[in-house]
Amino acid sequence: MSEAEESDQRRLARNLNELLQELRVAQAGVQILFGFLLSIAFTEKYASVSGYIRVTHLVTVLCAAVAVAFLTAPAAWHRVLFRQGRREEVVRSGNTFALTGLAFLALAMTGTVLLLAEVILGGWPAVAVGALAFIVFAGLWFVLPVASAHGAEDGERP
C-alpha cells in the first residue's frame, strides 16, 4: 500500500470514527424522546384528547422512529461492510443518513414542543411556539452551517 493510499485510509478511518461519535450523542437523545412519546399514549388523559393532538402525536412518534432508523443506520452499515474495504461508501452514506436523521429529529422535537404547547396554551399560540421551535432547530442545525460553509467558500469568516 502506498503512502498516499495509507493516508486516505487513515482519513477515512478518522472520518468514520468522528461520524460514529457524533451519532452516539444524537442516538441517545432521540431514543429517550421516542420512549417518552410512546409512553404518552398509555396515559389516562390521552383517551380524551382531540383528533388533532392524536394525529400530531402519531406524526411526531413516526418522525422520531424514522430519526432512530437513520441515526443508527451508519453503525449497521459499518458492521456489515467494515471487512469489505468499503469504508468510503460507509462514510459517504453515513453522512447522508446522519443529516436525514437530524432532519427527522428536528421534526420530532418540533412536534414534541407543539404537543406540550397545545396542552399548556392551546390554539394559535401553541402553533406559534411550534413554528418557533422549528425555526430554531432548522436554523441552528441546517441554515447556519450551510451559510457558514458558503461564507468560507467566498473567503469570508463567519
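Start by selecting residues 87-120, helix α3, together with residues 123-153, helix α4: their axes come within 8 Å and cross at roughly 155°. Angles over 145 degrees count as roughly antiparallel, and α3 and α4 therefore run roughly antiparallel to each other. Keep in mind as you look around that this is a predicted model.

Which hand does the crossing have where α3 passes α4? The crossing is right-handed.

Now show the side chains between these two helices. On the α3 side, the residues in contact with α4 include Leu99, Leu102, Leu105, Met109, Val113 and Glu118. Across from them, the α4 residues that meet α3 include Gly123, Val127, Gly130, Phe134, Phe137 and Trp141.

Next, select α3 by itself. This helix has 34 residues and reaches 48 Å from its first C-alpha to its last, close to the 50 Å expected at 1.5 Å a residue. Step just past the end of α3 and click on Gly122, which takes a positive phi of about 70°.

Bring in helix α2 by selecting residues 51-81. Its 31 residues reach 44 Å from first C-alpha to last, close to the expected 45 Å. Where does α2 bend, and by how much? Zoom in on Ala73: the bend there is about 35°, and a proline, Pro74, follows within four residues.

With α2 and α3 both on screen, you can see them pack at an angle of about 160°, with their axes 8 Å apart. That makes α2 roughly antiparallel to α3. Their crossing is left-handed, whereas α3 passes α4 in a right-handed one.

For a last stop, colour the stretches that an unreviewed UniProt entry annotates as "transmembrane region": residues 25-43, 55-77, 97-117 and 124-144. Residues 97-117 are 100% helix, with end C-alpha atoms 30 Å apart. Residues 124-144 are also 100% helix, and their end C-alpha atoms lie 28 Å apart.

Notes. Residues are numbered from 1 along each chain as its sequence is written. This is a predicted model: local features need pLDDT of at least 70, side-chain atom pairs count only at pLDDT 80 or more; totals for chains, interfaces and linings use all residues. Side-chain values use heavy atoms; hydrogens and water are left out. UniProt positions are given in the numbering used here, feature names are shortened, and annotations may be inferred rather than shown by experiment. The expected span of a helix is 1.5 Å times one less than its number of residues. The bend at a residue is the angle between axes fitted to the seven residues ending there and the seven starting there. Axes are lines fitted to C-alpha atoms, for helices over the stretch in contact, and angles run from 0 to 180 degrees between N-to-C directions. Angles under 35 degrees count as roughly parallel, over 145 as roughly antiparallel, 65 to 115 as roughly perpendicular and the rest as oblique. A crossing is left-handed if the near helix is turned anticlockwise from the far one by less than a right angle, and right-handed if clockwise. Contact means heavy atoms within 4.5 Å.
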